[in-house]
Amino acid sequence: MQHPAEGSADGTTTVLQPGFLASLFHELGADEDEEPTGAHPEPPAGPQPPEPPAQPPAGPPAGPSAGPSAAVPPQPGPADAPADPDDPVAAHGRAAALTHHRTLAVQADHQRLADLLRRAARPVSAMDFESQLRSYQPRPFPDAGPGTGEPEPAWADFAPPEPAGADPEQPRSRRLLDSGYQRELAQARLRHQRALREWRTRQAELADSGAVAARQAHEEAERARARAVQEYNDSLEECRRAYRQAEPAAVESLLERALAAAEGATQDLPAPCHAVFRALTRTAVLDLDLPPLDTVPALSGYRLTETGAVEPVPRPAADVRTDYLRLAARLALRALQAADAVDTEQVLSGVVLNGWLRLPGRPARCLLSVDADRDALARTRLVPDAGHLGDGGADGGVYAEAEHDESLLRLRALAAVITPDPYADEAVLPWGSASSAVPALGELSPGEFARLVRAVLTAGGLRDWSVRLRGPAGLVATAEGEPGSRLPGRWVVWASRGPGPVTAEEIATLAEAVREEGADRGLRMTCGRFTDEALDLTGEERYQRIHLMDGPGIRELARTHLELPLTL
């Protein structure tokens, strides 16, 4: 039976909700002007019980009339009242919990990125030939029981010692006449014979039980292991011989193995690297697949708006770009270190590395390219320290700025070109291509082209090279030729790797440089061609000491002096 609440003026029933805030909000949102319907009869008058019942009675409420209003179902009490889906307090709590959950997920992504950056900065182990040699360590046969592998009893273990008082100068026959010694000798022979019989019995039992066959099988397996190790080391030595002779298959095999071992430090972030060796210029061209752009978190978290909506908080675009370039730079430095560490025989003259971003349904984009020779790799610490990573939160201030990041600074010190924005489809032109081991003259990187020019002219007789200027377009250098050589005197060499034509103004500039250097002759080399005006200019008398060489001429010199073919 329901009773009027205490303090109620009109005697209507007030149903209490669990929780103070929920009941208060329910009372504030209730319609006070709404009149109760006639479906609920007035409670009977009478004395009130000390406490109201926890739930309404199971049957219809008692009343003065038993008309149709008596069939109204009982009203739910506080214990079984369903939650209001439109309750603003409950909706706000759910939104706050969702915001917190999503923010924790974003923070976990930031922690994963920081862990990847640290692991990518670890130095890799050198995978040279010495570290790949195997050694054979024999494994003992496990004893199956007493007597397994027991040697045959020897008489020397049972023979009694010589008589203590015997004169060493006397013949042995006189010492044998000692009666005590004879008794000990006879007992020793009996012990030896007994030991022999027991040993033969044990050997027979072992043969019947299969232990001898097991030992023979174990020894055969050990011989097979030793033979396999020796064959592997012999094949490795053969690979070393081929590597020293700069055979492309041997060089590429060693590089691929070293790059795969370096990738193992970040197995949860695949970054495969393919290697091609150009015996023409002794250069390794590495194609590194960079991770997807979504590897770097684009959000710093989530927040709850005033209207109760869950809203993402994006990071600054500059921080996202910097973090991705930092990760790409560390992966590139790790690949360079693996290639440099494995080249203990100093076969490589340089390394060209291209970092490619491959997206499904779109052509690959080159985001960074490095062209470094052996000297540049030797004087550069290729693996940066990970200590400059901060311990702050997940916002954009965790990492070092792009201007002070070790990995980016060291990669740029190797004359690398890096895209300013990998998210804006801004690609760079790779220095070299790994499509073929024998490239065309125009496909050579700046480092390869400079080494080829020096090797060709050195084979022709020029010595004492001094590079004055070197860049992506080519190089300017001076060299000396012996008096009796094919290129005598002092020369100024200007070589360009671009396909553009050489004009008459460039010929005049070279002639001026020859005069300033006090040189005897000048050589203008190009992978392209010369304009008609430039060819006519060299016919004049004051340009007689200027010599021209185009792409076909360079290819012919490479074939004649170095026996290296260049494709057209």
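Let me start with one residue. Asp-464 lies in strand 8, residues 462–471. Helices (H or I, at least four residues) and strands (E, at least two) are DSSP runs, numbered from the N terminus.

What about the phi of Asp-464? That angle is near 55°, a positive value in a residue other than glycine. Most residues other than glycine have a negative phi. Is Asp-464 buried or exposed? At 61% relative accessibility, Asp-464 counts as exposed. Buried means under 20% relative accessible area, exposed over 50%, and partly exposed in between, with a 1.4 Å probe and protein chains only.

A word on the source. This is a predicted model, where local features need pLDDT of at least 70, side-chain atom pairs count only at pLDDT 80 or more, and totals for chains, interfaces and linings use all residues. Residues are numbered from 1 along each chain as its sequence is written, and side-chain values use heavy atoms, with hydrogens and water left out.

Gln-346 also has a phi near 55°, positive in a residue other than glycine. Gln-346 sits in the loop between helix 8 and strand 5, 350–357. Gln-346 is exposed, with a relative accessible area of 53%.

Now the whole chain. How many helices and strands are there? The chain has 14 helices and twelve strands. Of its 568 residues, 36% are buried. Take the contacts (heavy atoms within 4.5 Å) between residues at least 6 apart in sequence: 68% of them join residues at least 24 apart.

Next, the cores. A nonpolar core is a set of buried Ala, Val, Leu, Ile, Met, Phe, Trp, Tyr and Cys residues joined through side-chain atoms within 4.5 Å. In soluble globular proteins, nonpolar side chains tend to be buried together. The largest nonpolar core here has 60 residues. Which members touch the most others? They are Leu-286, Leu-368, Val-370 and Leu-411. Helix 8, residues 317–342, gives this core its largest share, 14 residues.

Look at Val-370. Leaving aside neighbours within four places in sequence, its contacts include Leu-336, Val-351, Leu-411 and Trp-431. There is also a second, separate core of 24 residues. Among its members are Leu-441, Leu-444, Val-453 and Met-549.

On to helix packing. Two packed helices are described by the angle between their axes and the distance between the axes. Axes are lines fitted to C-alpha atoms, for helices over the stretch in contact, and angles run from 0 to 180 degrees between N-to-C directions.

Helix 2 covers residues 88–120. The axes of helix 2 and helix 8 come within 9 Å and cross at roughly 25°. The two helices are therefore roughly parallel. Angles under 35 degrees count as roughly parallel, over 145 as roughly antiparallel, 65 to 115 as roughly perpendicular and the rest as oblique. From helix 2, the contact uses Leu-113, Leu-117, Arg-118 and Ala-120. From helix 8, the partners include Asp-323, Arg-326 and Arg-330. By class, that is five nonpolar, no polar and five charged residues. Here Ala, Val, Leu, Ile, Met, Phe, Trp, Tyr, Cys and Pro count as nonpolar, Asp, Glu, Lys and Arg as charged, and the others, Gly among them, as polar.

Helix 7, residues 248–263, packs on helix 8 at about 135°, with the axes 9 Å apart. That makes helix 7 oblique to helix 8. Contact residues include Leu-254 and Ala-258 of helix 7, and Ala-335 and Val-342 of helix 8. The class count is nine nonpolar, no polar and two charged.

Third pair. Helix 11 (446–460) and helix 14 (551–561) pack at about 60°, axes 10 Å apart. They are therefore oblique to each other. Leu-452, Val-456, Ala-459 and Gly-460 in helix 11 meet Leu-557, Ala-558 and His-561 in helix 14. That contact has five nonpolar, two polar and no charged residues.

Last, two long-range pairs. Asp-109, in helix 2, is partly exposed at 41% relative accessibility. Asp-109 and Ser-300 are 191 residues apart in sequence and 9.7 Å apart in space, C-alpha to C-alpha.

Leu-293 is in the loop between strand 2 (283–289) and strand 3 (299–304). Leu-293 counts as buried, at 16% relative accessibility. Not counting residues up to four places away, Leu-293 touches Tyr-324, Leu-357, Arg-365, Pro-422 and Tyr-423.
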